[in-house]
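Good morning, and thank you for coming. Please look at the model on the screen while I go through a few of its features.

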Amino acid sequence: MLLELRKEVICTGMPGKVAIKKEDLCNYTGKENWFMLQPVDSNSEVQGKVHLELKLNELITDNGSVCQQLVVHIKECHGLPLINGQNCDPYATVSLVGPSRNDQKKTKVKKKTSNPQFNETFYFEVTRSSSYTKKSQFQVEEEDIEKLEVRVDLWNNGNLVQDIFLGEIKVPVKVLRNDSFQAWYLLQPRENGNKSSKTDDLGSLRLNICYTEDCVLPSEYYVSLRNLLLKSSDVQPISASAAYILCEVCRDKYDAVLPLVRLLLHHHKLVPFVAAVAELDLKDTQEANTVFRGNSLATRCVDEMMKIVGKHYLKVTLKAVIDEICESPKPCEIDPIKLREGDNAEINMENLRYYVDKVFREIVRSSISCPTLMCDVFYSLRHLAAKRFPNDPHVQYSAVSSFVFLRFFAVAVVSPHTFHLRPHHPDAQTSRTLTLISKAIQTLGSWGSLTKSKLSSFKETFMCEFFKTFQEDKFTESVKKFLDDVSSTESKEPSGLSEPVHLKEGEMYKRAQGRTRIGKKNFKKRWFCLTSREFTYHKQQDKEPIFTIPIKNILAVEKLDESSFNKKNMFQVLHGEKPLYIQANNCVEASEWIEALCRVTRCNQKRLNFYHPSAFLNGSWLCCKATVENTVGCARCTADVPADTQIEIDGDRETERIYSLFTINMSKLQKLEEACGSIAVYQGPRKEPDDYSNFTIEDSVATFHTLKQIIDIVEKLNESHEKYQKKRSSSAKYGSEENPIVGKVS
């Protein structure tokens, strides 16, 4: 395995790279080293893999003689690179190459995809029959099979420009014999790539490498440590919990926060933990206008949660407008010092105002797309801040805006490539435009920032002049409504004067629910309508509803297995009565309805955690065979967020990472344990600074108890690792599922 750390360095007009073998990384970790740059070009920089099936057949000709035929089935490719920031137009050439032959065939071009499905089969004559006497360049004797190889080259179709090489693989024909062989092959660079380049002309690069390698044991080894971490939010005080202690002893809190947040997310324990550490954070906050502005454990946990959970939210909210800004940029510079000759400051300000208005409008209209988990966290932060500063009516909003505007949307605007909103870092002019927009969004989202007293405090006078064009009341009310929406955890009853918002309508089929004794359980075409208040179906459009489900009563919306009624594109709406089974006209329509229903019901407090993916028919559930109709579901609900926001987390891997951090910081854990013992015995004031003076020890007895548990668990895991490593070295194969090794380099 070769890990490459690349850096574009212009020394002699040519970029360079640094390539380090995986087994050598441990020799460089934790210190700075100089590395010679190696040349880079399109022939040596490849990625992706190709799925092939190869077979060598023996054929009997009409006259009874035997010849051999090679069958190459190119199935698909995965992970091909982007070309100029866009999906490529790949095709493959399949060749049979030998000393005196080069038979080549070509697949069709697949448009705009990095994962093309080819499914094409090619046939090559390997040896001629013994009766074949005509001499030609294609006549190959039996012994020449040893010199033949199959070569597959991947290319990007350039249309009017030159095709771009994407990688190749080579397979010797001799390995096939008469067997069928199927495998994934990693694409390789060309053998002659960059041979003419001189490596000593490219200079060198200084790198500081941090490499860690974790050996993940079977899940049962982590039960004790995992349970200790997951009950952290129940420990009083929170500073005596295992999760809090982990972040205290790690030199860089980020190393601890990332695996901790992912583990708590995986086990649905993040919200109570964030609420507990946020409450501790607020105890040390003296001014309401500085709520959650520091770099504390609470703010770091929320930051990481938003990055993990909010990817899809950012995409549906900002991607379109970010694409417009980057692909059709308008000049927006309003700093008089940075204006270039010929620039018109007034036109630039109008352009900037146009972009800011558009981004702001997309944000404040996006509350229905905000993930449920983010809403739950914001709800907790909002009420904790209001409890800490009861005399400040605005603190409940600033507590939420400090995250969702300052740490989420504003950061994504200024660095869209970091959040996968753009494939590459924008150019200098576009970056400057995005920076100005980000500053504006921070100001508009900060509660009370548009007041005159706030405007006078701007460091840049040009930004002060820019914000004088904004109508304070209009923007403040929009922000307030948005913050109310994203920090709610229950559906609000609309007032009698407010009209429900129409969200979606259309014709679908519903299965009769059998609410009456004579009701037939068949499928009927109905007109469905979804508003912010209720979900209804009607006999015809514009007719009175036949059946109504209040939004607050919807417990879950999930797909229904096709096997239930032998019908495709079905989903179910679970509410107080029997499930409502609905068939959409196609899969796209079904997904749209599921997403719309999930979004409008995301704040319902009685959401289900489990459901039945199949129907209850003939006295039992088809999925789990349970015979009680109201029994708890057998599958975890998945549709409270869109499919592409589902988070794949390996809980064992994250627990192993946490174990490694405890191991690295074992000396600190032991010193902290000694300190807690001393404090418990000697309750007087500390006479001089010591190694644990920077740690938070609210309850020395509770902290001592947790530390003892951590140390005992880590020591047992050390023994398990030693035994497992011995077993692996003697019996397990490298890379097998029994011994997954996870490497990380930064």
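Which residues are buried in α8? Among them are Thr-372, Met-374, Cys-375, Asp-376, Val-377 and Phe-378, where buried means under 20% relative accessible area, exposed over 50%, and partly exposed in between (1.4 Å probe, protein chains only).

This is a predicted model, in which local features need pLDDT of at least 70 and side-chain atom pairs count only at pLDDT 80 or more, while totals for chains, interfaces and linings use all residues. Residues are numbered from 1 along each chain as its sequence is written, and side-chain values use heavy atoms, with hydrogens and water left out.

The protein has 17 helices and 26 strands; these are DSSP runs, helices being H or I of at least four residues and strands E of at least two, numbered from the N terminus. Of its 746 residues, 47% count as buried.

Ile-368 lies in the loop between α7 (345-364) and α8 (372-388). Ile-368 counts as partly exposed because its relative accessibility is 31%.

I turn now to Arg-422, in the loop between α9 (395-414) and α10 (428-445). Its relative accessible area is 18%, so Arg-422 is buried. The Arg-422 side chain makes a polar contact of 2.8 Å with the side chain of Asp-323; such a contact is a pair of N or O atoms within 3.5 Å, where, within protein, one must be able to donate a hydrogen and the other to accept it, and residues adjacent in sequence count only if both atoms are side-chain atoms.
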